[in-house]
Amino acid sequence: MTAIAMGYESLLKVRKGAVDIVDVPEFGFVAVTGTGEPGGAEFTEAVQALYSVSYGAHFRLKKLTGEAPRVMPLEGLWWVDDPAQQDIVAAVARGEVTMADSDRGSWRWQALIMQPDPVDAELIAAATAEAASKKDLPGLARLGYIRWAEGRCAQLLHIGPYAAEAPSIAALHEAIAEAGYRPHGRHHEIYLGDPRRSAPEKLRTIIRHPVEPL
């Protein structure tokens, strides 16, 4: 596996059955941070706010310039703070248990949508204000624009239900060790499929984790 620096679109072209080491440069994102399970009210509110602002920025840019990049997929960083829950997450990485054995209510997350250039903080602020004027979206109060360079990462493509990710996570961490790295930072997922429109067995999720040399 060779580390390759990529543009955002290239980073989404993950080979089935392969683990790639990639260098992820700085990109802009809209982000909301919260606590609880993926299907919970707080996460749902965050996703609604993220898409509302992302599409708002898209249409504002298209009105100003005549064109705009497409709205990018939802992403999520996931972690836990409780040491006992951290032990369970480590066991998931070793393939010993699944996340069903953890306390989903204690999960921490940051939901994000990448914002391609020329979308910037000013445009996001305008789109956020417009979204707030049109609809009551509680997640807007916690939404912000950030710049973030994830750095060197390992990633693979998981195909299937989110609840069945444990073998893919274990395979990713095994490949990280074999390549002479160790994980650091937060578990990262990029949701290429829409669970409202796709059968669970056809969902496509990029699972990514930052790495550093042993």
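Me: Which residues does Pro 213 touch, not counting residues up to four places away in sequence?
Reply: This is a predicted model. Pro 213 sits in strand β8, residues 204–213. With neighbours up to four places away set aside, the residues that Pro 213 touches are Gly 180, Tyr 181 and Arg 182.

Me: Is Pro 213 buried or exposed?
Reply: The cut-off for exposed is over 50% relative accessible area. Pro 213 has 56% relative accessibility, so the residue counts as exposed.

Me: How many Å separate Pro 213 and Leu 156, C-alpha to C-alpha?
Reply: Along the sequence, Pro 213 and Leu 156 are 57 residues apart. In space, their C-alpha separation is 19 Å.

Me: What is the volume of the largest pocket?
Reply: Its lining takes in 43 residues, and the closest to the pocket centre are Pro 38, Trp 78, Glu 165, Glu 189 and Tyr 191. The space in this pocket is about 1,400 Å³.

Me: Which element gives the largest share of the lining of the largest pocket?
Reply: Elements that each supply at least two lining residues are α2 (41–65), β3 (74–79), α3 (83–93), α5 (166–178) and β7 (187–191). The largest share is five residues, and the element that supplies them is α3.

Me: How many residues of the lining of the largest pocket are nonpolar?
Reply: Eight lining residues are polar and seven are charged. The nonpolar residues number 28.

Me: What distance does α2 reach from its first C-alpha to its last?
Reply: Helix α2 has 25 residues. At 1.5 Å a residue, the expected span is 36 Å. The model comes close to that, with a reach of 36 Å.

Me: Which elements do the buried residues of α2 pack against?
Reply: The buried residues of α2 include Phe 43, Val 47, Leu 50, Ser 54 and Leu 61. Residues three or four places apart in an α-helix point the same way, because each turn takes 3.6 residues. The packing partners of the buried α2 residues are β2 (20–35), β3, β4 (108–115) and α4 (121–134).

Me: Which residues is Ser 54 in contact with, leaving aside its neighbours within four places in sequence?
Reply: Ser 54 is found in helix α2. Its relative accessibility is 3%, so Ser 54 counts as buried. Beyond its sequence neighbours, Ser 54 is in contact with Val 30, Val 71, Ile 113 and Gln 115.

Me: Which residue just after α2 takes a positive phi?
Reply: The phi value is about 90 degrees. The residue that takes it, just after α2, is Gly 66.

Me: How many aromatic pairs are there?
Reply: Two rings pair if their centres lie within 6.5 Å. By this rule the count is eight.

Me: What angle lies between the planes of Phe 29 and Trp 148?
Reply: Phe 29 is in strand β2 and Trp 148 in strand β5, 119 residues apart. Phe 29 is buried at 3% relative accessibility, whereas Trp 148 is partly exposed at 22%. The ring centres lie 5.6 Å apart, and the pair is tilted, with an angle of 55 degrees.

Me: Which aromatic pair is edge-to-face at 5.5 Å centre to centre?
Reply: Planes over 60 degrees apart count as edge-to-face. Here the angle is 75 degrees, and the pair is Tyr 162 and Tyr 191. The pair links the loop between β5 and α5, which holds Tyr 162, to strand β7, which holds Tyr 191.

Me: Which residues do ring pairs link into a cluster?
Reply: One member, Phe 43, is a buried residue of α2. Together, the linked residues are Phe 43, Trp 78, Trp 107 and Trp 109.

Me: Is the peptide bond from Asp 117 to Pro 118 cis or trans?
Reply: Pro 118 has its place in the loop between β4 and α4. Omega for the bond from Asp 117 is near 10 degrees, and the bond is cis.

Me: Which residues does Pro 200 touch, not counting residues up to four places away in sequence?
Reply: Pro 200 is in the loop between β7 and β8. At 46% relative accessibility, Pro 200 counts as partly exposed. The residues touched are Gly 160 and Pro 161.

Key
Residues numbered from 1 in each chain as written. Predicted model: local features only at pLDDT ≥ 70, side-chain atom pairs only at ≥ 80, totals over all residues. Heavy atoms only, no water. 1 Å grid on protein atoms, 1.4 Å probe; cavity = no way out; pocket = protein on both sides within 12 Å on 5 of 7 lines; lining within 4 Å. Points joined across faces, edges and corners; volume = space filled by probe spheres on them. Helix = DSSP H or I, 4+ residues; strand = E, 2+ residues; numbered from the N terminus. Nonpolar A, V, L, I, M, F, W, Y, C, P; charged D, E, K, R; others polar. Expected span 1.5 Å × (residues − 1). Buried < 20%, exposed > 50% of the residue type's maximum accessible area, 1.4 Å probe, protein only. Contact = heavy atoms within 4.5 Å. Phe/Tyr/Trp six-rings, centres within 6.5 Å; stacked < 30°, edge-to-face > 60°.
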